[in-house]
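Have the structure open as you read.

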Amino acid sequence: MNEQLVITGYCCIRDNAVELDSEQLYRGSEHLFSEFSTGVYRHFSVNYPKFHKMDNLSRLGFLTTEILLGKKNVSGRYEGSQTGIILMNSSSSLDTDRNHQKAISDRSDYFPSPSVFVYTLPNVVIGEICIRHKITGEGNFFVMKDFNAAFMVSYISQLFYCDIVECCLAGWTEILGNDYNSVLFLIEKRKETVEGIANFEPSVAESIFKRR
Amino acid sequence: MTDIYVSACNIITPLGFTTGENAKSILSGITGIRLHEDPAISPEPFHASLIDTVSLDENFSVLGNPVDYSRFEKMAVLSINDVIKNTGIGIHGNRTLFILSTTKGNIDLLGSKPGGQAQPTDVYLWHTAQKIQKHFGFLNEPIVVSHACISGIQAIITGSRLIRGGFYDHVIINGTDIITEFVYSGFSSFKSLSTGPCRPFDKSRDGLSLGEGSGTMILSVSKDDSEKRPVTVGHGFSTNDANHISGPSRTGEGLYLAISKLTDREPDYPGFISAHGTATPYNDEMESIAITRAGMQDIPVNSLKGYWGHTLGAAGVLESIMSIWSLINGVVPATLGFTEMGVTNPLNITRSSIKVSTGKCLKIASGFGGCNAVTSFSVQ
């Protein structure tokens, strides 16, 4: 087998803009992430009412995936059970943790809510994406100080090598307050080198991540 | 497939600060769950399995100044220290990775500043992992796995994959979680907490009991010669129900898929299954459906939640260690709290401790976000 892993697409949502495969598709002027994300949702004519119930981390991961997979017809080519989602970030679910903490910090105004609490786990964004795209395969959420491209490539290469996935969505989805940065890669196997399609290597992922 | 050995396991819970102490209490039917009155966690008295702070600090004081470490860090450092003390494997080189498995880390420190809006670096999970890494002088930057209630199994699966891929020779896995007002209030708002000690798979089960714990194991390409009966870790898979973020699939779809992926590669049946068995009505029902669909309804199944409660991100590590203990010693504990079958697909739930002859077990778990995971362990 002479197959290699390639990045067949990537989507970045950061700095008030949406970029797909190095092409800027949208730029917003909103200061708050909640408003910016609603702007993205409307611009790309997404129709998914559950979006409005999601916390900000899930909205960010959901929108990045929506735009990335929307153009790639992945669900038509791979079984959901052979598709993986591997995400990483720095502050886990701290953005929503602060909201839950606020709801319990005052005993005279105590209102913990299950619809907030469920999002105090970072992997719930993976669950939201799985529901939307009928993905049932391998998932994992890693927390690290900075984006570690070498780790991502090592781990995901092993998933492909062991035939655990045929296709993988992976990358960085970070949000705390209005600081957000989402860079997701679509990784597939190719038998031969195709012009314009980059190999899935740490240096390539790193340079896409740093280009802003 | 490369053999990956599991060795030098430690468990810290209210039942003891070593695996041996925990196993002894469990086989005697002792539980760590009791009624607590602690307004810092809950306005009402509550059942949980909590580690005594005084005894934690006493034990920790030989390793460092208790005021320099958080409750979470003290538990993790004590557990890892016990493993390092007892292992025959050289883990201090650059071929070792430390993986921390946790859902919430030092989340108690989030509320320690007025208004709860402060975010000291201590609440970042990577910062906690780095602090533990520096305590022991591990060379590589640690990785945190935070994947709800399957975190522990995910950490074990991740570690074994990284070793099989040749990226590391040894992986130290620690799973830790503490019980805080943050966690208690959340599970309470979900109405998932039991009124008394939890009763896995029982007809009268009404929810889970929360528990604190820390567990550590070493995964390695090397066999630890000090272990009389070497244990290896098999394949592992995680799946997603793609159905609901806070409720398990009614058909057990994701868990069944995970078990099927494993049995496709390891057709030999296990001698027992260590279930997630949280004692919530939905979880246990879902597990019974998935296990039955996999044709494993006659295989002995146990849940350890009746002894330790649900230890969240530590659960997969603690319960795997106890399962490994069972493989080595040939005894699977009773499912404490279980008396009458309470799932529609009856399983072979252990009512008392039983002997096992086959040297293999499955460890399964499911969690929020629709996630499921499975791995296997075998004794040689």
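## Two domains in chain B

Taken over C-alpha atoms, the centres of domain 1 of chain B and domain 2 of chain B sit 20 Å apart. Keep in mind that this is a predicted model. Domain 1 covers residues 5-220 of chain B, and domain 2 covers 231-379.

## Where the domains touch

How many residues of domain 1 of chain B are in contact with domain 2 of chain B? There are 58 of them, and they meet 58 residues of domain 2. The largest share comes from α5(B), with 8 residues.

## A look at helix α4 of chain B

Now for α4(B), which runs over residues 125-136. Its 12 residues reach 17 Å from first C-alpha to last, close to the 16 Å expected at 1.5 Å a residue. Just after α4(B), G137(B) takes a positive phi of about 70°.

Which residues of α4(B) are buried? They are L125(B), W126(B), T128(B), A129(B), Q130(B), K131(B), I132(B) and Q133(B). The cover over these buried residues includes α3 (71-86), β4 (96-101) and β5 (143-145) of chain B, together with β5 (139-143) of chain A.

Key. Residues are numbered from 1 along each chain as its sequence is written. Chains are lettered from A and ligands numbered from 1 in the order in which they are written. This is a predicted model: local features need pLDDT of at least 70, side-chain atom pairs count only at pLDDT 80 or more; totals for chains, interfaces and linings use all residues. Domain bounds come from an automatic or database domain assignment. Two residues are in contact if their C-beta atoms, placed from the backbone, lie within 7 Å. Helices (H or I, at least four residues) and strands (E, at least two) are DSSP runs, numbered from the N terminus. The expected span of a helix is 1.5 Å times one less than its number of residues. A residue is buried if 20 or more other C-beta atoms lie within 10 Å of its own, exposed if 12 or fewer, and partly exposed in between; C-beta atoms are placed from the backbone.
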